Amino acid sequence: MFKKKILIKYIKEDSIHLAKITKGDWIDLHAATDVILKKGDFKLIPLGIAMKLPKGYEAIIAPRSSTFKKWGIIQTNGIGVVDETYCGDNDQWMMPVYATRDEAIRAGDRVCQFRIQKHQPKLLFSQVERLLGKNRGGFGSTGIR
């Protein structure tokens, strides 16, 4: 199996090193410092790493499934996208969050996760008068149960 080499810089010597989770393809990211949040705050949580991704690849950063339940924070842009040009020594990855309650996140807490994927292929859009597929009923039409 061919593996892509990823260059990683840990911002602090005592940073938690990355490890792939045992189930799934995502890799957890940890808060690099303590972060105190008050309800309504916006903050950037430093994640303690900078990376040089291979050409043609990007990283997608998303909250872990337990992040909102544990800390009441929402990643403000839904997901984060880091492309291979964000690769300088000081290009530390961050998680932009909005706090829905007062909370403290401690250095080392697993707050989000990421995966690396290829860039989207080049696309060509072609305008048509009609799409011939069967209508499903519009957005949100698949029901509750």
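Trainee: What relative accessibility does Met94 have, and does that count as buried, partly exposed or exposed?

Mentor: Please keep in mind that this is a predicted model, in which local features need pLDDT of at least 70 and side-chain atom pairs count only at pLDDT 80 or more, while totals for chains, interfaces and linings use all residues. Residues are numbered from 1 along each chain as its sequence is written, and side-chain values use heavy atoms, with hydrogens and water left out. Met94 lies in strand S9, where helices (H or I, at least four residues) and strands (E, at least two) are DSSP runs numbered from the N terminus. Buried means under 20% relative accessible area, exposed over 50% and partly exposed in between, with a 1.4 Å probe and protein chains only, so Met94 counts as partly exposed, at 33%.

Trainee: Which residues make the nonpolar surface patch of about 290 Å²?

Mentor: Patches are made of residues with over 30% relative accessible area and no salt bridge, like charges being joined within 9 Å and nonpolar side chains (Val, Leu, Ile, Met, Phe, Trp, Tyr) within 5 Å. The areas come from the Shrake-Rupley method with a 1.4 Å probe, and for residues only the protein chains shown count as cover. The residues that make this patch are Phe42, Leu44 and Met94.

Trainee: How many salt bridges does a search of the whole structure find?

Mentor: A salt bridge is a side-chain nitrogen of Lys or Arg within 4 Å of a carboxyl oxygen of Asp or Glu. Over the whole structure, the number of such salt bridges found is six.

Trainee: How many residues apart are Asp89 and Lys9, the pair that links distant parts of the chain?

Mentor: Asp89 and Lys9 form a salt bridge whose closest N and O atoms are 3.4 Å apart. Asp89 is in the loop between strand S8 (80–83) and strand S9 (94–99), whereas Lys9 is in strand S1 (residues 7–10). Asp89 counts as exposed at 53% relative accessibility, while Lys9 counts as partly exposed at 30%.

Trainee: Which residues are linked with Asp28 in a network of salt bridges?

Mentor: Asp28 forms a salt bridge with Arg64, with 3.1 Å between the closest N and O atoms, and because Asp28 lies in strand S2 (residues 27–30) and Arg64 in the loop between strand S6 (57–63) and helix H1 (67–71), this pair ties together parts 36 residues apart in sequence. Asp28 also meets Arg110 in a salt bridge (2.9 Å, N to O), and since Arg110 lies in strand S11 (residues 110–118), that pair ties together parts 82 residues apart. Asp28 counts as buried at 7% relative accessibility, whereas Arg110 is partly exposed at 36%. The residues linked with Asp28 in the network are therefore Arg64 and Arg110.
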